[in-house]
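Please take a moment to look over the sequence and the three-dimensional model before reading on. The explanation is meant to be read with both in view.

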Amino acid sequence: MRSTRAGRHTVTDRGLDPETIGDVITAPGAGADLDVRHTGHSTRRGGADAARSAEAERKAIAAHGGWTYSSSALETNLR
């Protein structure tokens with residue numbers, strides 16, 4: 001792993017870690033003084049919703065979002 005900046009999260013050989021992605025998404029919104037706080041979860045749930053709207057298979061949505069096929073969390077995110 002290598003550091004992106006002192007005190008920040010890291011970039012791995014596989015790409016950005018989840019915490020860094022959250023930082024990248026959250027920081028601009030905080031700087032813009034928005035009434036809502038966007039997080040990495042916003043994109044995860046939004047991606048699942050978009051895939052569902054596009055009639056993607058549940059199994060594919062689960063795999064892409066990191067949920068198990070029978071996960072109650074997946075069910076919650078698909079409502």
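The paragraphs below go from the overall layout to the core, and then to individual residues.

This is a predicted model, in which local features need pLDDT of at least 70 and side-chain atom pairs count only at pLDDT 80 or more, while totals for chains, interfaces and linings use all residues. Residues are numbered from 1 along each chain as its sequence is written, and side-chain values use heavy atoms, with hydrogens and water left out.

The protein has four helices and three strands, where helices (H or I, at least four residues) and strands (E, at least two) are DSSP runs numbered from the N terminus. Read from the N terminus on, these elements follow the order β-β-β-α-α-α-α. The accessible surface, computed by the Shrake-Rupley method with a 1.4 Å probe, comes to about 6000 Å², and 53% of it belongs to carbon and sulfur atoms. Of the 79 residues in the protein, 23% are buried, a term that stands for under 20% relative accessible area, whereas exposed stands for over 50% and partly exposed for values in between (1.4 Å probe, protein chains only).

Which residues form the largest nonpolar core? A nonpolar core is a set of buried Ala, Val, Leu, Ile, Met, Phe, Trp, Tyr and Cys residues joined through side-chain atoms within 4.5 Å, and the largest one here has six residues, namely Ala48, Ile61, Ala62, Trp67, Leu74 and Leu78. Within this group, Ala48 touches Ile61, Trp67 and Leu78, if residues up to four places away in sequence are not counted; contact means heavy atoms within 4.5 Å.

Helix α3 spans residues 58–65, and its buried residues are Ile61, Ala62 and Gly65. They lie on the same side of α3 because they cover an arc of only 100° around the axis, the arc being that of the directions from the helix axis to the C-beta atoms. The face turned away from this buried side carries the exposed residues Lys59, Ala63 and His64. After α3 comes Gly66, which has a positive phi, near 80°.

The charged end of Arg58 sits over the ring of Tyr69, 5.6 Å from its centre; such an arrangement requires NZ of Lys or CZ of Arg within 6 Å of the ring centre and within 35 degrees of the ring normal.

Elsewhere, Thr26 lies in helix α1, which covers residues 18–31. Thr26 counts as buried because its relative accessibility is 17%. Apart from neighbours within four places in sequence, Thr26 is in contact with Arg37, His38 and Thr39.
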